Each structure stands twice: as C-alpha cells, then as structure tokens.
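Please keep the sequence and the model in view while reading.

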Amino acid sequence: MTDEMHAAANKAQELAGEEGGFPEQEQTPPGLSTDMKPFPDHGEENWVGRGRLEGLKALVTGGDSGIGRAVAIAFAREGADVAINYLSDEESDAQDTKQWIEKAGRKAVLLPADLREEATARKVVDDAAEQLGGLDILVNNAGFQWARREGGLQGLKTEEMDRVFKTNLYALFWVSQQALKYLESGSSIINVSSIQAYDPSENLIDYASTKAAINNFTVNLASELGEKGIRVNAVAPGPIWTPLQPATKAGESMPQFGSDTPLGRAGQPSEMAGAFVFLASPAEASYVSGTVIGVTGGKPVF
Ligand code: NAD
Ligand code: MG
C-alpha cells in the first residue's frame, strides 16, 4: 500500500497520545478548534477530490469545526458549493472553513445562527438555498452534549435537557422540514447520529436518547421521501477529536478518549468525511437510503 492510502490513519495515529487520546484540557462550550491541543485533522492536506459531488449545493449545520468542517472541505473538493451554519461565538472557526472551501474553487456561504429558535432555523435553510441557488444535500450535523455531570438521572437539569433536545432534535426537525421546500429527486439528507445511540454512557442519558431518536427519524423520513427520489441516511461517529469533546467533558478524561475502541485510538474528523461523501453522492449511493453508517473505530452499531 502507498503512503497516500494511509495518510488519514497515519495522521490520526501521529496526533493521538500514548493512551490513544489527547492531553488534559477543557474549554467552555461551544469551543474552538484553534484552542485544541493537538489541532485536529480535517483532511486539509490529504483529501483528494474526484468530482463526486460536481455542481451540487450543500448545507452543513455545525460546519465551522470538527466533523462538519471535514465534511465541508471534502464536499468542496468533490465539487460542491457549501453553506455552513454555526453559532456566532464560532466566527473564527467558520472563517477558516470558508477559506478551505474557497481554496477548493467553490462558493462558501456563512450563516451564523442559533438553531434552537424555530424561525431562525427555518431562515438558515431559506438563506442557504437562496445564496447557493438551490439545495441538493442537507447535513444535519449541529449537536450538543453535556457530560460534566454527577448524580445520574437525578443530576440532570431541565436547562441542560432543553439545550440538548432543542439542538439535536427540534432543530433537526425544523431544518429538515424547511429543506423539503428545495430538495428534489436525487437529493439527500444525512443526519449525524452517534455510537451513543447503541452503547449509551450513563452521564449522557439525554444526548444518547436524542441520537437513538435521530436513527428512528432517519428510517421514518427515508420511508416518506422514497417516492420523491430523496434519500435519507445517517452517520454514527465513534469518539472523534473535535471541540465538542474538551468543551463538554471533564479535562482529565481526554488522555483516555477513544482508547476503548478496537482500533485503540480516537478518530480524526478527516476520517469521517468518506462516509458523508459516499452517502451524498447521487451516483455511488443511488440505492442507499434509511441506513446508518458507523464510523466508530470498530464499536458495533447494530
Ligand atoms: P463540533 O463542536 O465541532 O461541532 C458541533 C457544532 O454544532 C458546533 O460547531 C456548533 O456550530 C454546532 N451547534 C451547537 N449548538 C448549536 C446551535 N444551538 N445552533 C447552531 N449550531 C449549533 O463537534 P463535532 O464532534 O464535530 O459534532 C458534530 C456532530 O457529531 C454532533 O451532532 C455530535 O453530536 C456528533 N458526534 C460527535 C462525536 C465525537 O466524538 N466528536 C461522536 C458522535 C457524534
Ligand atoms: Mg464549532
């Protein structure tokens, strides 16, 4: 095998510490890529586009950082114009993503907005479709969790649940509803699930519930939209090195992050992008709908 074939895995191995994770660190939500040690790999150096999304128009929520940034970069290199939504505190990360999209020769649209508000969430989709001149791919990637919590279910506060359920579920429903105004035959929706839907952690009981609901939503909507020729799928990541982790978990858990997977390390955002490009590709995934692809370092998603 050539070095090019191993590039993403080699880079991920190089970034991981001895235990498979990363140095102790914490951020305040939503967190920034530039404050992470080490800086994650979003495929900046390694993703090679092969024209698989030529001329398509995509909206990626939470596209400023982490998995969303890796998806935005790969989509742009595959020939798509990309709109990204994010929180206004993340403007610096969003600007970096924008530069990568433009370096790939594609149009970048920046849409800062808090998706927990219905009218705002719907407007993000309208603005994306208007500025891109249509919409072919929706990636429901924005998400939130809060793991710095004690006391099991009793320790869960309503305001924490509100943030998790509004961001991960309400917003996903509103954004998807609004996108149906624009998606046509050949288009697709890709939702971001989690290993937590299958193997839930006690201190993420609310978050894990939303991810199980996203899987259920995915198959249900795939059934509804099949007759329109619109495909709906999900990707379930395992432990991936993104700002969400140091911004929502205890700093001392970072060195072990990802070490309990069969591959023995956390994944990098760049290692997620292939699943999204495949699912978004009208040619390669023309008969793929209502499924969940796990990218988990070996943990089961069935
Ligand atoms: P990330 O922090 O880079 O991305 C999450 C993004 O969600 C943020 O950048 C932010 O822009 C967006 N967001 C959060 N609240 C929002 C709101 N109210 N309005 C608009 N946008 C909002 O982290 P990530 O890990 O790349 O997360 C992307 C997705 O992957 C999430 O759905 C997450 O649940 C999922 N996921 C991540 C992991 C992992 O280990 N990193 C594992 C499984 C699933
Ligand atoms: Mg971010």
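## Ser33 and its loop

Where is Ser33 found? Ser33 sits in the loop that runs between α1 (3-15) and β1. The model described here is a predicted one. The relative accessibility of Ser33 is 0%, and since buried means under 20%, Ser33 counts as buried. Leaving aside residues up to four places away in sequence, Ser33 touches Phe39, Pro40, Ser65, Arg69, Asp93 and Pro243.

Most peptide bonds are trans. The bond from Pro29 to Pro30, however, is cis, with omega near 5 degrees, and Pro30 has its place in the loop between α1 and β1. The bond from Lys37 to Pro38 is cis too, with omega near -5 degrees. Pro38 is likewise found in the loop between α1 and β1.

## The magnesium site

Which protein atoms are donors of the magnesium ion (ligand 2)? The donors come from Asp64 (OD), Ser65 (OG) and Glu90 (OE), and they lie 2.1 to 2.2 Å from the ion. Along the sequence, the spacing of these donor residues is D-S-x24-E. Ser65 is in the loop between β1 (57-61) and α2, while Glu90 is in the loop between β2 (81-86) and α3 (91-103), so the pair ties together parts that are 25 residues apart in sequence.

Are Ser65 and Glu90 buried or exposed? Ser65 has a relative accessible area of 10% and is therefore buried. Glu90 is buried as well, because its relative accessible area is 8%. Ser65 is also one of the residues that Ser33 touches.

## Helices α2 and α8

Two packed helices are described by the angle between their axes and the distance between the axes. Helix α2 (residues 66-77) packs with helix α8 (residues 273-280) at an angle of about 55 degrees, and the axes are 9 Å apart. The two helices are therefore oblique to each other, and their crossing is right-handed. On the α2 side the contact is made by Ile67, Ala70, Val71, Ala74 and Phe75, and on the α8 side by Ala273, Phe276, Val277 and Ala280. Sorted by class, this contact has 9 nonpolar residues, no polar ones and no charged ones.

How many of the residues of α8 are buried? The helix is mostly covered, with 6 of its 8 residues buried. The buried residues in α8 are Ala273, Ala275, Phe276, Val277, Leu279 and Ala280. Their cover includes helix α2 together with strands β4, β5 (188-192), β6 (231-237) and β7 (292-295).

## Ile67 in α2

Ile67 lies in helix α2 and is among the residues through which α2 meets α8. The relative accessibility of Ile67 is 12%, so Ile67 counts as buried. Not counting residues up to four places away in sequence, Ile67 touches Asn141, Pro237, Ile240, Thr242, Pro269, Met272 and Phe276.

How far is Ile67 from Arg122? Their C-alpha atoms are separated by 22 Å, and the two residues are 55 apart along the chain.

## Helices α4 and α5

Helix α4 (residues 118-132) packs with α5 at an angle of about 40 degrees, with the axes 9 Å apart. The pair α4 and α5 is therefore oblique, and α4 passes α5 in a right-handed crossing. Which residues meet in this contact? Glu118, Ala121, Arg122, Val125 and Asp126 in α4 meet Trp174, Val175, Gln177, Gln178 and Ala179 in α5. By class, the contact of α4 with α5 has 5 nonpolar, 2 polar and 3 charged residues.

Lys157 lies in the loop between β4 (137-140) and α5 (158-179). With a relative accessible area of 45%, Lys157 is partly exposed. Between Lys157 and Ile195 there are 23 Å in space, C-alpha to C-alpha, and the two are 38 residues apart in sequence.

Definitions and conventions:
Residues are numbered from 1 along each chain as its sequence is written. Chains are lettered from A and ligands numbered from 1 in the order in which they are written. This is a predicted model: local features need pLDDT of at least 70, side-chain atom pairs count only at pLDDT 80 or more; totals for chains, interfaces and linings use all residues. Side-chain values use heavy atoms; hydrogens and water are left out. Axes are lines fitted to C-alpha atoms, for helices over the stretch in contact, and angles run from 0 to 180 degrees between N-to-C directions. Helices (H or I, at least four residues) and strands (E, at least two) are DSSP runs, numbered from the N terminus. Angles under 35 degrees count as roughly parallel, over 145 as roughly antiparallel, 65 to 115 as roughly perpendicular and the rest as oblique. A crossing is left-handed if the near helix is turned anticlockwise from the far one by less than a right angle, and right-handed if clockwise. Contact means heavy atoms within 4.5 Å. Ala, Val, Leu, Ile, Met, Phe, Trp, Tyr, Cys and Pro count as nonpolar, Asp, Glu, Lys and Arg as charged, and the others, Gly among them, as polar. Buried means under 20% relative accessible area, exposed over 50%, partly exposed in between (1.4 Å probe, protein chains only). Donors are N, O and S atoms within 2.8 Å of the metal (3.2 Å for Na, K and Ca); water is not among the atoms, so sites may look incomplete.
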